[in-house]
Amino acid sequence: MLNVQPAARRPRGKGSKSRIGLAVAGGGPIGGMYELGALRAMEDALQGLDLTKLDVYVGVSSGAFLSAGLANRLGTAEMCRIFLTHDSDQAHFRPEVFLRPALAEYGRRLISVPRVLAGWIGDLITKPLDTDWSDVLGRLGTLIPTGLFDNQAIEEFLRGVFESHGRSNDFRALRRKLFVISVDLDTGQTVRFGSDGFDHVPISRAVQASAALPGLYPPVEIDGRWYVDGALRRTLHASVALEEGCDLVIGVNPLVPFDAGLAQRNGRAVPESLMEGGLPAVLSQTFRTLLRSRMQVGMEKYQRQYQKSDLVLFEPNPDDVEMFFTNVFSYQSRVRVAEHAYRATLSDLHARFDELAPLFARHGLQLRKEIVADRNRELMASLGMRPPRRTDATTRLRRALDELDQSISTRH
């Protein structure tokens, strides 16, 4: 499903180069794989689009993984090899790192048990009439871990990726602007890591904080403050790229409310009601609906405030059974979901080709009809042959030559 907001005013003169930004929302590991498939499809379908050479990158939660990788010159094909096929020489990804129990957090809470119980017993003895079951539940609540899984291994994996092969784990060393969105737990305010005052934080640490979904992962401490998932305040944060003066912003959001009625009318096999799916289905639909309502508010604001910019948002269709009924933590499904997103994105581009071709052309991008119309095209086939094995030195040299070529082209 595509949400297109063309610019109401076009101030750019002929020959001026457009500034292009990318905003990638959160959606758990499976949402991230959907986004990876969609991004790979865009790069295949749009001639002139190199997702590692955009002007501004914005990432939230799982989207921060992808935005940070792209800003660090890690392309969609290489990320597919890292996360889907496991035949990359750039990094070795192990899915189990996302599901390690948060033993340190469990230990911290366990240590506080005697103190909490002593306080409760003391109050029970000294103030028996003022102590009730709600007070007991409140005290016991402080003993519950803030997250089930440990996210430290995630940070270590990203640090290893960003500190090798000529990449950087420092926002200030990147040639392009990268913003990783998180929320300060104690104020509820949005923080843009990568902006002034927050650009000294390692990129890997910022991504860890942005993806710290409460209940699943513990908050992340940075400079004495605690940070949690950036999606708690807003879904896409495309306004960050728009504020940076981008003429075209491409957005990807993997989570939309499921329309069971539409799915049934389109002949899809779905339950009569999501109630049949129990609490997980109800919570999933609730969460998606909340995110969608905030997305709609944001899109309306973008249209009013940024009338000189084009915005193209890619999302699953409301009747997308694959995306709704796949567990967001089902790593076994990641290849299927990425392939599904790849084909769905090409289909969306094909369905609205006449509208989108001139919009992209304004920014020097050509929508390739032969690609979007090919119903047999597959993500894995688009990766081509695995490149020759690269050492750290050869990767650095390749990057230096790319930068030199780009500098020469810019001058001309």
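Buried means under 20% relative accessible area, exposed means over 50%, and partly exposed lies in between, with a 1.4 Å probe and protein chains only. By that rule D170, at 25% relative accessibility, counts as partly exposed. This is a predicted model, in which local features need pLDDT of at least 70 and side-chain atom pairs count only at pLDDT 80 or more, while totals for chains, interfaces and linings use all residues. Residues are numbered from 1 along each chain as its sequence is written, and side-chain values use heavy atoms, with hydrogens and water left out.

**Salt bridges**

- A salt bridge is a side-chain nitrogen of Lys or Arg within 4 Å of a carboxyl oxygen of Asp or Glu; the whole structure holds 17 of them.
- D170 and R172 are joined by a salt bridge, 3.1 Å from N to O. R172 is exposed, because its relative accessible area is 52%.
- R268 pairs with D319 in a salt bridge whose closest N and O atoms are 3.1 Å apart. This pair links distant parts of the chain, 51 residues apart: R268 is in the loop between α10 (260–265) and α11, and D319 is in the loop between β10 (310–314) and α12 (321–325).
- R268 is partly exposed, with a relative accessible area of 40%, whereas D319 is buried at 6%.

**The network at R40**

- Salt bridges link R40, E43, D44 and R377 in a network.

**Helices α1 and α2**

- Helices (H or I, at least four residues) and strands (E, at least two) are DSSP runs, numbered from the N terminus.
- Helix α1 (residues 28–45) and helix α2 (residues 62–71) have axes that come within 8 Å and cross at roughly 40°. Angles under 35 degrees count as roughly parallel, over 145 as roughly antiparallel, 65 to 115 as roughly perpendicular and the rest as oblique, so α1 and α2 are oblique to each other.

**Nonpolar surface patch**

- M275, L279, V282 and L283 make a nonpolar surface patch of about 410 Å². Patch residues have over 30% relative accessible area and no salt bridge; like charges are joined within 9 Å and nonpolar side chains (Val, Leu, Ile, Met, Phe, Trp, Tyr) within 5 Å.
- L279 sits in helix α11 (residues 278–305) and is exposed, with a relative accessible area of 57%.

Key. Areas by Shrake-Rupley, 256 points an atom, 1.4 Å probe, with all protein chains shown as cover. Axes fitted to C-alpha atoms, helices over the stretch in contact; angles between N-to-C directions.
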